[in-house]
Amino acid sequence: MFNDTICAPASAPVNSSLAVIRISGPDSYRVASFLFTNNRKISHRYAVYGSILSDGEILDDVILVYYNGPHSFTGEDMVEIFCHGNPLVVSKIMRAFFKKGIRPAGPGEFSQRAFLNGKIDLTGAEAINSLINARSDWEIKASINQMHGSLKNEIQKLREKIVILKADIEAGIDFSDQDIEFVSYGSASEIMNEIRNSLSDISMRCSAGDKASRGLDLILAGRPNVGKSSLMNLILNEERAIVSDIPGTTRDLIRETIQISGIRINLTDTAGICQAGDDIERMGIERTRKKIEDASIVLMVLDATAGITADDKLIISSFNGKKVLFILNKIDITGIEIAEELSMKEGYSLIPVSAKNGTGFSELESAITSVISGEFVDYRNSFLADVRVLNILDLSLEQTAGIVSMFGINELPEIIAFELNELTDRLAEITGEITPDDILGSIFSRFCIGK
Ligand SMILES: Nc1nc2c(ncn2[C@@H]2O[C@H](COP(=O)(O)OP(=O)(O)OP(=O)(O)O)[C@@H](O)[C@H]2O)c(=O)[nH]1
Ligand SMILES: [Mg+2]
């Protein structure tokens with residue numbers, strides 16, 4: 001428990017109908033009662049209406065809720081004040097609290113107190129931060145699942161298994177003179193293999209989650225003038241990129257983030273690939289090639305009026321096994337039949353569209369959706385995990401493999417028990433049961449103030 005009391009706005013500093021101010025710590029109740037006109041009515045988890053009064057001046061009429069610790073978010077005594085959403089009003093109320101000895105909270109300090117007081121584990125705290133910053137439906141859903149313990153529960157199940165195995169091996173050491181075996185090395189090794197499989201499954205689900213929260217890179221590529229920028233604008237539903245009939249209009253990469261099927265997509269429009277006319281165009285094409293290498297999915301745009309040209313084929317041959325969707329644009333000029341003819345002749349599966357009048361747009365969206373689902377086979381079951389968690393999982397997997405081989409060479413049980421102990425401690429870092437202070441500091445400093 002902390003002996004100082006902290007205060008911060010929990011809402012953004014903009015003019016809005018309401019704003020929320022949070023106070024947490026042992027002085028919350030005393031100072032709130034002092035500044036609040038309706039102080040006799042303040043009771044645990046009741047919303048009370050009154051005014052905040054400082055030096056005889058009414059600062060605002062507010063709703064105040066008091067939470068008696070440990071039954072609060074932080075586990076301490078807490079007060080939440082719902083005032084009118086003017087940043088000046090918020091700042092006046094906060095200053096009144098500061099004058100009474102309460103200090104401003106740093107980033108993530110409320111969540112850090114909740115964690116240190118055992119109200120949430122580290123995966124839950126990180127999920128709250130992800131929920132606040134989520135940019136797709138998937139991230140929102142995964143954050144809520146994780147706040148409800150999805151990752152924590154999996155890790156705890158594994159730790160329990162390891163602890164039982166370790167206890168059996170240690171019991172074997174204690175009773176070794178009586179020739180009693182609690183677990184044979186054969187079955188211990190099997191259990192360890194199961195643990196390894198579960199760890200590897202969690203790790204894969206964390207990597208899928210990591211990928212999904214960064215977003216999938218989709219890139220529009222093709223020759224100049226085929227309509228890449230027009231398609232970009234159609235997908236974004238805004239005139240984002242300049243469109244013209246002059247080949248080489250787009251020179252730089254144009255990147256926007258959208259959501260398709262609940263997944264974050266980073267969509268990039270690129271310079272048309274051709275023999276560059278000038279240095280700037282050449283630089284644009286180089287950037288395009290580099291971007292294609294990094295992309296998850298390429299949307300190769302073809303011009304129906306030109307068919308599939310030798311230059312198109314050259315570009316396609318540079319994709320090197322990437323996932324590609326072939327889009328046949330400008331079918332408003334040629335008619336849709338050309339798509340089937342060309343598909344038969346050239347062997348590509350073409351999606352006919354017109355960026356000009358929107359024909360084929362919904363088919364294009366479904367094609368993108370189905371590629372995304374294929375790309376993230378199991379993203380719906382994935383976890384939100386940052387590099388910290390992924391790193392712990394990698395090290396744990398390595399250690400697990402080492403323990404399996406120790407059973408194979410009949411290593412001393414004392415040494416195996418030591419390794420198992422280290423493994424449980426390592427996994428405990430994920431939920432934060434054992435985590436060095438500097439790591440905690442760096443995790444919570446990423447949070448916003450008031451959270
Ligand atoms: N009729 C018709 N014209 C189109 C269509 N899509 C694009 N255009 C026209 O084709 C020309 C080139 O379009 P852009 O979107 O600038 O092509 P781009 O591939 O981005 O070209 P660069 O940036 O030069 O590589 C413009 O005049 C567009 O109006 C379409 O579906 N139908
Ligand atoms: Mg363009």
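Start at helix α4, which gives the largest share of the lining of the largest pocket: five residues. Keep in mind that you're looking at a predicted model. Helix α4 spans 122-133, and along with α5 (137-147) and α7 (185-214) it is one of the helices that each supply at least two residues to this lining. The pocket holds about 470 Å³ of space. Its lining has 19 residues, and the closest to the centre are Ser130, Ser213, Ala385, Asp386 and Arg446. Sort the lining by class and you get six nonpolar, five polar and eight charged residues.

Now hop over to the second largest pocket, with about 380 Å³ of space. Here 27 residues form the lining, and Asn225, Gly227, Ser230, Val243 and Ser244 sit nearest the centre. Helix α8 gives the most, three residues. This lining splits into nine nonpolar, 12 polar and six charged residues.

Around ligand 1 you'll find 23 residues, with Lys228, Ser230, Gly248, Thr249 and Asp332 the closest. By class, that shell has seven nonpolar, 11 polar and five charged residues.

Zoom in on a few contacts. A nitrogen atom of ligand 1 lies 2.8 Å from a side-chain N or O atom of Asp332. A polar side-chain atom of Lys330 is 3.2 Å from an oxygen atom of the ligand, and Asp245 brings a backbone N or O atom to 3.5 Å from a ligand oxygen. Taken alone, ligand 1 would expose 650 Å², and the protein buries 89% of that.

Methods: Residues numbered from 1 in each chain as written. Chains lettered and ligands numbered in written order. Predicted model: local features only at pLDDT ≥ 70, side-chain atom pairs only at ≥ 80, totals over all residues. Heavy atoms only, no water. Near = heavy atom within 4 Å. Polar contact = N/O pair within 3.5 Å; in protein donor to acceptor, adjacent residues only side chain to side chain. Areas by Shrake-Rupley, 256 points an atom, 1.4 Å probe, with all protein chains shown as cover. Nonpolar A, V, L, I, M, F, W, Y, C, P; charged D, E, K, R; others polar. 1 Å grid on protein atoms, 1.4 Å probe; cavity = no way out; pocket = protein on both sides within 12 Å on 5 of 7 lines; lining within 4 Å. Points joined across faces, edges and corners; volume = space filled by probe spheres on them. Helix = DSSP H or I, 4+ residues; strand = E, 2+ residues; numbered from the N terminus.
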